[in-house]
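Here's a quick walk through the model, with the ligand surroundings and the backbone around them in view. Have the structure open as you read.

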Amino acid sequence: MKHIADKCTGCRTCQLICSLSHDGECNPSLARVILHADGLRMRAEFTSDCDECARCARYCPYGAMEEGE
Ligand code: SF4
Ligand code: SF4
C-alpha cells in the first residue's frame, strides 16, 4: 500500500475501516495501518499483519491511499 502524505488529513477513516473489517470493531488501535504525526503531516506505517486488502484506499475520503508500493 502507498500513503500520499500531501493528501492525508489525518481523519483516521482508514484505521476505522481496517479494524472494522478485520476485527469487527471501529478501533484505530487495532488497525493494520498506524498513523504518525510528522510535523504538520501524517506518516502511515503498515504493520506486518496488513494483507493488502486495499479497503483503506477504497474508503479514504481524500484519495490519500493507493494500492501498490
Ligand atoms: S482515511 Fe485517508 S485522509 Fe484519512 S487518515 Fe487515512 S489516509 Fe489520511
Ligand atoms: S490494506 Fe487492508 S489490512 Fe492493510 S491497512 Fe489497508 S485496510 Fe488494513
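Phe-46 counts as partly exposed because 17 other C-beta atoms lie within 10 Å of its own. For that scale, a residue is buried with 20 or more other C-beta atoms within 10 Å, exposed with 12 or fewer, and partly exposed in between, the C-beta atoms being placed from the backbone. Phe-46 sits in strand E3; strands (E, at least two residues) and helices (H or I, at least four) are DSSP runs numbered from the N terminus.

Leaving out residues up to four places away in sequence, Phe-46 touches Met-1, Arg-32 and Val-33, where a contact means C-beta atoms, placed from the backbone, within 7 Å. Pro-28 is 18 residues from Phe-46 in sequence, and their C-alpha atoms are 13 Å apart.

A word on the source: this is a predicted model, where local features need pLDDT of at least 70, side-chain atom pairs count only at pLDDT 80 or more, and totals for chains, interfaces and linings use all residues. Residues are numbered from 1 along each chain as its sequence is written, while chains are lettered from A and ligands numbered from 1 in the order in which they are written.

## The hairpin

Strand E2 (residues 33-38) pairs with E3 in the antiparallel sense, over 6 bridges; DSSP has to find at least two bridges for strands to pair. Across the pair, Ile-34 stands opposite Glu-45 in E3. The hairpin has 2 residues between its strands, and Gly-39 takes a positive phi near 70° there.

Glu-52 lies in the loop between strand E3 (41-46) and helix H2 (55-59). Glu-52 isn't a glycine, yet its phi is positive, at about 60°. Glu-52 is classed as exposed because it has 11 C-beta neighbours inside 10 Å.

Ala-54 is in the loop between E3 and H2 as well, and its phi, near 70°, is another positive value in a non-glycine residue. With 14 other C-beta atoms within 10 Å, Ala-54 comes out as partly exposed.

## Around the ligands

The residues around ligand 2 include Phe-46, Glu-52 and Ala-54, along with Met-1, Arg-32 and Val-33; being near takes a C-beta atom, placed from the backbone, within 6 Å. That shell splits into 8 nonpolar, no polar and 4 charged residues. Here Ala, Val, Leu, Ile, Met, Phe, Trp, Tyr, Cys and Pro are nonpolar, Asp, Glu, Lys and Arg charged, and the others, Gly among them, polar.

Ligand 1 has 14 residues around it, of which Cys-8, Cys-11, Thr-13, Cys-14 and Cys-60 come nearest. By class, its shell holds 9 nonpolar, 4 polar and 1 charged residues.

Terms used: Two residues are in contact if their C-beta atoms, placed from the backbone, lie within 7 Å.
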